[in-house]
Amino acid sequence: MPPRALFVLPLSVHTPPSDASADTSPKRASLPELIDLLRPSFGRYRWQLVGGFVALIIVDFLQLVIPRVLKHGVDGLADSSISHASLLGLAALIVAIAIAVAGLRFVWRYLIIGFSRLLEQNLRNRIFSHLLRMDAPFFEKHTPGDLMAHSSNDLAAVQMACGMGMVAAADALVMSLATIAFMLHIHVQLTLLALLPMPFLAWFTRSLSGRLHHRFNTVQEQFSLLTEFSRSTVVSIRLIKAYTMELFQTDRFDRLGRRYVRSNLGVAYIQGLITPIATLAGNLGMLIILLVGGRLVIAGTLTMGDFVAFISYLAMLVWPMMAIGWVANIVQRGLTSLNRIHHLLGCRATLPDIADNGEPPLDHPSFSLRGLHFAYAPGLSPALVDIDLKIGPGIHGITGRTGSGKSTICRLLARLYPVADGQLFFGGRDVNALPLSYVRNHIAYVGQEPVLFSDTIAANIALGRPEATEQEIIAAAASAAIDEEIRELPDGYASLIGERGVKLSGGQRQRLALARALLCDRPVLVIDDGLSAVDVATEHEVFAGLRQRFAGKTVLIVSNRIKMLSLTDRIIVLDEGRIACTGGHEELLAASSLYRSMYEKQMRPQAEEAL
Amino acid sequence: MRNFGYDEDKRGGSLSDFRIWGRILRYSIHHWLALAGAVTLSLFITGGTLTLPTLLQQGIDGFITAGNLEDTARLAGLTRTSLWYGLLVLLVFATTFVQTVLLEWIGQSIMHRIRQDLFTHILRLDLQFFSTHPTGRLVTRLTNDIQNMHEMFTSVMVTLFNELVRMLGILILLYLMNVKLALLLTIFVPISALVTTLFARLARACFRAIRSQLVLLNNFLQEAITGMAILQLFSREEKSRREFEDLSRGYLERTLSQIRLFGTFMPITEFMSSLATAMILWYGGGEILQSRLSLGELVAFISYMRLFFQPLRELSQKYSIVQSAMASAERIFQLLDTASRIADPARPLAKPATVRGELHFDRIRFGYNPQTPVIHDLSLTLRPGQAVALVGTTGSGKTTLVNLLLRFYEAQSGTITIDGLDISHLALADLRSMVGVVLQDVLILQDSLLANIVMNSGRSRKDVESILSRTGMNRFVRRLPHGLDTMIGEGGHELSSGEKQLLAFARVLCRDPAVLVLDEATAAIDTESENILEEALDDSFRGRTSLVIAHRLSTIRRADHIIAMQHGRIVQQGSHDELMATGGYYADLVAMDRSNGNGEDTASSRLFGP
């Protein structure tokens, strides 16, 4: 018999708010489709499952035997036909059965619950492998919070349904059927009467625990509000003190707190019903047995021993009946979660998936954009319009206002977003005919927001080349003008980054990302405004290094700093998704009013009126 | 995972710390009546539950097996007993429900009170406290720690109390029924206590191991999801997959060891129950054979014994909750005992009826750490109505001056006066009502824009409308979907950073302070907001003493006087034109700012930095 405590729903108050995604559940997939997801695990571990369920069923039967043994004893005692020795034998039998029960319980728990954990792991790894194949549009549609919810709450719900849910279902089924069979064997009418309250119990449990789940979610939301309010208050403490808002905030906190208390009471109303209802149903059954069964004993149609056994059987039925309601909920929740996982695994990347054929990389690759149009989503205004551009060896600068399409070009080159056929060519071939990894392996990329991982600094730099030697890592860091600062850290290159490690400034993070790109030593370097937080002097130092290192290779730098741009071979000025003009610094000063106005704003002392 | 990356060592609190129990008790006293009610109900429930088997026994012994009575009398007696039984069943059901809700209410009310006390207390603490305590930790105290305590409250009160009372009740009953049988059963008490504590300890270690692995797994996943483009661009897919599977396997192994642990311990109570049944059948049966015990008594004894083993299991499950709750309580009370370093003076000066707004900093010396001063003997006077701009690089001490003026911190030496009154002699609320501030961070309440502007200033909607139209800020309000009634904050309309700045301005104008302190935002804002902001700035400077930590050249030029600071000292002062003509530090700052690629979409200025 699974532990009763499990009946308290698996969603404890400490789990993070989860069901934000519950409201936006994707379309329900058919049951066979969902089961297909679980098939591999069920197939692989079928003998483990068979073993577990056999153990479970044996436990159930053994438990039913104990009352029979007791009945023997009581009946024997009632008509004084039993001896001391046979009493001892019966007692020994009970102990032997109890030992077997304990052992077999361990077995089923390990096999079945263990199976649910294996299944969870299998699904988790599948989700992760799937995520690794998804592209940028996918990650825009699915927020990290949503995806995290899939891998924690949804997996937990599936695991619960396939573990304790399955156990409870099998247990309840076997136990109730067997118990009822034993009871029927003793007395048919009495059984039917005693069972009268049980279906109600199952029904109540089901409807109540469904409602309980909803109310738990409300509590979760209230708890999040309370947390967010405390957080925003503590973060803005200066403002609150400056405005003497302490009382004001306390009042608001009080109102939130009261609402939280109320929603908790809402949960208590239901919890206050669930457990007592089970007791009530059991006791009502007992009442019926006492009343009716008692009459039967008086009338002589039921033996005293049967009567006592009947009472024991009834006590055994309370749990399975509660479990049926509980299982229905668990399974329902598991299916909903499984459906979300199914939907997630069904998402396809928009980029063509062509297997890497191991083609050797090009030494001097070039990109050409031919009449390229691009919009982030159908219906959105295009981010790039009619772009004709060749990006070959040399240093190219891209500039333009926010939203002019600078970053979009970088992202398209890196194959993060899909492009139409015949618009983007790599080494003279349409990128849509090339494996993604083939194109990407030519590019070292530095994004706008440096992405660092919770690992050592050395590991972050060596992200693209885990086999790099220490010297190579240091050399890359030196080229990105970050070596000295890394050495000043307490653990140098072994320092950890992130929550528990060192905090780096924006400029340091950007240079670390640059060092990572440099270490890869790929023929194309794309820096998407990746040095914006680095000061001008350092930027120039880094740039001088790049010039040497990338002689004959391709570099693409997005920047708004005119000084920086003036050092490149060619500047591309974008305006609202179109190429406004291209050329060298001097050329553009003469030809482009947009470029000239940027130059003036940055280089000349500002006119008095402009202030 | 709303713990802000902050993970507390979940050490257990000492259960024997009577001071903590004492304080919890003091909070409970407010609800003594309800508590007394709950205890009474608990006794009633226990009594009721224990009477049920007795009734059953009476039914069996008194009527069913009472062969000496007339059949009709037996039947009537049986009906009567059944009626009582049914009545009692319903009563127990109703009281259990009432008690559960009542206890939840008491627990939640007490936790609400503690939470309010703690919140009020935290808001009273000084800024230095906040700079040394991470936000996540304080939020955890206010939310999760209190929740932990509450869990104990309900668990301890419901389980410990109900179950202990029931166990004791059963034991007493069993002793009354048959001393020898009861003695036999008592053997199981110490054994199960031992098993319980051992299990609780092992389970806690097990859960901790699972949790820490889950944190690793989730962090890895979170980072991989947010950095997926980089992982793909640097061809890390295969390696990341392997790393993830390793973490995943680690998690699996830990959950499996938990299953083994539970598999071993969970059946033990049940086993003991069967063992006890066997012993009682053997021993009790022997007693019946020697006619020292009735059959009804034996049956009743066996049913009571079942009840006896239930609480044992419950208790073992609640043990660890109590432990972690005590740790939480200890942390909460510790925080409540932390005193603020800055408080109202014992006998504050009266707030002047009208404030002219003359500010005087006199030989101020201050360091966040007294050994390393960041302000060195600084003196500064602002005449009423004067607008002064503070400029300087990061760490020059501009923000520190504002912190001292608002008494967020106390200067180590020197005094600050407003209209000749030493600010440390004023009540904090009075001081802060004289000085209005616009800070870089803008607190957004989840409420309407109007409520966000008014906050606690007591202004009416009309006042707000007239202030907004006077300063031209109604243009910003008109842009919003529902004007002043637009809901903002989480789940509402998202304000741009420019609009947030405007909101901050509207707030301070509502309060109409004599002295305005403005910490200008460094973040870039859209042109239209900037235009509105500059107009509002003009209006707010009018008739007020203003101290501006300026980042925009346009703001600096609006000031009457510029103070250039470096390393906690004033190095230059004068008007923009004077300082540009003289050359030196200020002129360098301006030059650097311009050369720093002040393009259209980069932050306004970095070198005048935050």
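Contact is taken here as heavy atoms within 4.5 Å. In this predicted model, local features require pLDDT of at least 70 and side-chain atom pairs count only at pLDDT 80 or more, whereas totals for chains, interfaces and linings use all residues. Residues are numbered from 1 along each chain as its sequence is written, chains are lettered from A in the order in which they are written, and side-chain values use heavy atoms, without hydrogens and water.

The contact between the chains involves 144 residues from chain B and 141 residues from chain A. About 13,400 Å² is buried between them, 70% of it on carbon and sulfur atoms; this buried area is the accessible area (1.4 Å probe) that two parts lose on being put together, summed over both. One salt bridge (a side-chain nitrogen of Lys or Arg within 4 Å of a carboxyl oxygen of Asp or Glu) is counted between chain B and chain A. It joins the side chains of Arg252(A) and Asp447(B), at 3.0 Å from N to O. On the side of chain B that touches chain A, helix α9 (residues 237–289) of chain B gives the most, with 32 residues; helices are DSSP runs (H or I, at least four residues), numbered from the N terminus.

The largest nonpolar core comprises 185 residues, such a core being a set of buried (under 20% relative accessible area, 1.4 Å probe, protein chains only) Ala, Val, Leu, Ile, Met, Phe, Trp, Tyr and Cys residues joined through side-chain atoms within 4.5 Å. Helix α9 (residues 246–299) of chain A supplies the largest share of this core, 18 residues. Among the residues with the most contacts inside the core are Phe307(A) and Val435(B). Residues touched by Val435(B) include Ala242(A), Leu405(B) and Pro513(B), not counting residues up to four places away in sequence.

Note on methods:
Helices (H or I, at least four residues) and strands (E, at least two) are DSSP runs, numbered from the N terminus. Buried means under 20% relative accessible area, exposed over 50%, partly exposed in between (1.4 Å probe, protein chains only).
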